[in-house]
Amino acid sequence: MTLTFDPHEIAETLYHGQFCPMFIDGKDVPALSGEVIDVVDPASGRALATVPRGGVEDVDAAVAAARRAFEGEWSKFTPYDRQEVLLRIADVMERDWEKLCVSDTADMGLPLTRTMGNKRRVIGMLRFYAGQATALHGDYIENSISQSMVSFTTREPVGVVGAIIPWNAPTAASIWKIAPALATGCTVVLKPSEDAPLTPLMIARLMQEAGVPDGVVNIVTGTGREAGARLAEHPDVNKVVFTGSTATGKTIARAGVENLKRITLELGGKSPLIICKDADIDKAVPVAAMAVYAHSGQICIAGSRLFVAREIQDEFIEKLRDFARGLKIGHGLDDGTDLGPLINRVQAEKVEGYIAKGKAEGARLVTGGARPEGADYAGGNFLEPAIFADVTDEMTIAREEIFGPVISVLPFDTMEEVVTRANATPYGLAAGVFTRDLGTAHRTVKKLKAGSVWVNMYHAIDPAVPFGGLKMSGYGKEGGVEHLQAYLDTKAVWIQTE
């Protein structure tokens, strides 16, 4: 991708160590406590900006604003009005797309070519949900009691939505939570990760410019233990949508029990990618590599359990190693970067711990796994992309979600065997299979226990297609018509006409 702008210059203009306030009831506000959090560039270790450390009182204020908006001006917007607002949001975000992408990359490290390349999906989500806003309806029901009784249903917004998003895709995750809420007439309090809160704050202000009334979208920055926990348990929040770890998802589910709020959870994964013996190896290698390395492994759908048919395993590992060694590691804003840094030092050290455990348990490190040397990497959280061979199903690196650039290659002999092994995990978010045989593809897709299955590809996500996990990878769907139904209540209406 050839850039027509200087991303480093834009990054300096956007933040340069400044204070970025929260956005509550259409206003820029600090935390009531006055406390702040440093937002750190993971590629250099230097502070980009500071944001408020929102707490219980700040969440309460945001929820109260969202409730007032839900019962006030926003309730008067027709489906057509909401559609127009969403289309205007799409327009202003498309106008400022370069700034949004630079903000995302500076904040959490994903190479700019990838954040820029996400435009079709993100802007597409806004326009998809805009289209759905005017297509929501109830049903007329021919009841069996009496012809003098008319019965039908209406579909009404659930109310205030609490959205909690991770740091690995701030723009996409924000829109994935906010857009369906606006399309259905709900209001939102969004809590971004403290590691990457800057772009959601920018998005909220663009939404205000696009005509979203005050209080409809609120952004509270802070930690998960403080702001996130309060949002999840808040008695005046009607629905919580969360993307993040399975452990945190369990906590949120428990917090929602008290007032039986609706909950949608998109959680962790340990996804299998199966390479059959008849696969096109040259096509499969780069896809298998980037199924993990696309965000330095920091993606919930990473195909980190790579099952390769024993007959082609040696050739596949050799080509996979060569591909991994050819990837350029660097600052996400630098031209040509393939792999950016991990989000913070804690995560980098955690991944290094998994690499050490893989070696200790008998896996063979084919390549990578070390910190790259040189001035360009000083202060950053960089790791070379790693490949392990001779991995068994019982090893820690084959069982636990690493969230780093680590691929575990596991050989298999039969399709029946590999499907059983692929499903032998508490997770069920995604899976993939490479084969030239259509029959093998269909049989395998049917047997794999995962919310999304890709054949001869990986990572495809579209606004019109539902996405979500099974088992410990969560419940509920995001994307597609089904997504909007989760933001609506069904009301049955009976009318006696005689």
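Of the 12 residues of helix H4, 10 are buried, so this helix is largely enclosed by the rest of the structure. Buried here means under 20% relative accessible area, exposed means over 50%, and partly exposed lies in between, with a 1.4 Å probe and protein chains only. Helices (H or I, at least four residues) and strands (E, at least two) are DSSP runs, numbered from the N terminus. The model is a predicted one, in which local features need pLDDT of at least 70 and side-chain atom pairs count only at pLDDT 80 or more, while totals for chains, interfaces and linings use all residues. Residues are numbered from 1 along each chain as its sequence is written, and side-chain values use heavy atoms, with hydrogens and water left out.

The buried residues of H4 are Trp97, Leu100, Cys101, Val102, Ser103, Asp104, Thr105, Ala106, Asp107 and Met108. The expected span of a helix is 1.5 Å times one less than its number of residues. Just after H4 comes Gly109, with a positive phi of about 95 degrees.

H4 also has a helical partner. Two packed helices are described by the angle between their axes and the distance between the axes. Helix H4 (residues 97-108) packs with helix H8 (residues 198-209) at an angle of about 160 degrees, their axes being 8 Å apart. Axes are lines fitted to C-alpha atoms, for helices over the stretch in contact, and angles run from 0 to 180 degrees between N-to-C directions. H4 and H8 are therefore roughly antiparallel to each other; angles under 35 degrees count as roughly parallel, over 145 as roughly antiparallel, 65 to 115 as roughly perpendicular and the rest as oblique. From H4, Lys99, Leu100, Ser103, Asp104 and Asp107 make the contact, and from H8, Leu198, Thr199, Met202, Ile203 and Leu206. Contact means heavy atoms within 4.5 Å.

The next stop is helix H3 (residues 79-95), where Gln83 is placed. Gln83 counts as buried, at 16% relative accessibility. A polar atom of the Gln83 side chain lies 3.0 Å from the backbone oxygen of Ala130. Leaving out residues up to four places away in sequence, Gln83 touches Ala130, Gly131, Ala133 and Thr134.

In helix H9 (residues 224-233), the buried residues are Ala227, Gly228, Arg230, Leu231 and Ala232. These buried residues pack against helix H2 (56-71), strand E8 (160-164), strand E9 (187-191), strand E11 (239-243) and helix H10 (246-255).

Ser296 is buried, with a relative accessible area of 2%, and has a positive phi of about 55 degrees although it is not a glycine. Gln313 lies in helix H12 (residues 313-325) and is buried, at a relative accessible area of 11%. Apart from neighbours within four places in sequence, Gln313 is in contact with Val308, Val409 and Pro411.

Helix H13 (residues 345-360) has 16 residues, which at 1.5 Å a residue should span 22 Å; the end C-alpha atoms are 22 Å apart, which agrees. Its buried residues are Gln347, Ala348, Val351, Tyr354, Ile355 and Gly358. Seen down the axis of H13, these residues fall within an arc of 115 degrees, so they line one face of the helix; the arc is that of the directions from the helix axis to the C-beta atoms. The face turned away from the buried side carries the exposed residues Val346 and Ala360. The buried residues of H13 pack against strand E16 (386-389), helix H14 (396-399) and strand E17 (406-412). H13 is followed by Gly362, whose phi is positive, near 105 degrees.

Phe403 lies in the loop between H14 and E17 and has a positive phi of about 60 degrees although it is not a glycine. Phe412 is placed in strand E17 itself and is buried, with a relative accessible area of 3%. Phe412 and Ile275 are 137 residues apart along the chain, and their C-alpha atoms are separated by 9.4 Å. Not counting residues up to four places away in sequence, Phe412 touches residues including Ile274, Ile275, Cys276, Phe307, Val308 and Arg421.

Note on methods:
A polar contact is a pair of N or O atoms within 3.5 Å; within protein, one must be able to donate a hydrogen and the other to accept it, and residues adjacent in sequence count only if both atoms are side-chain atoms.
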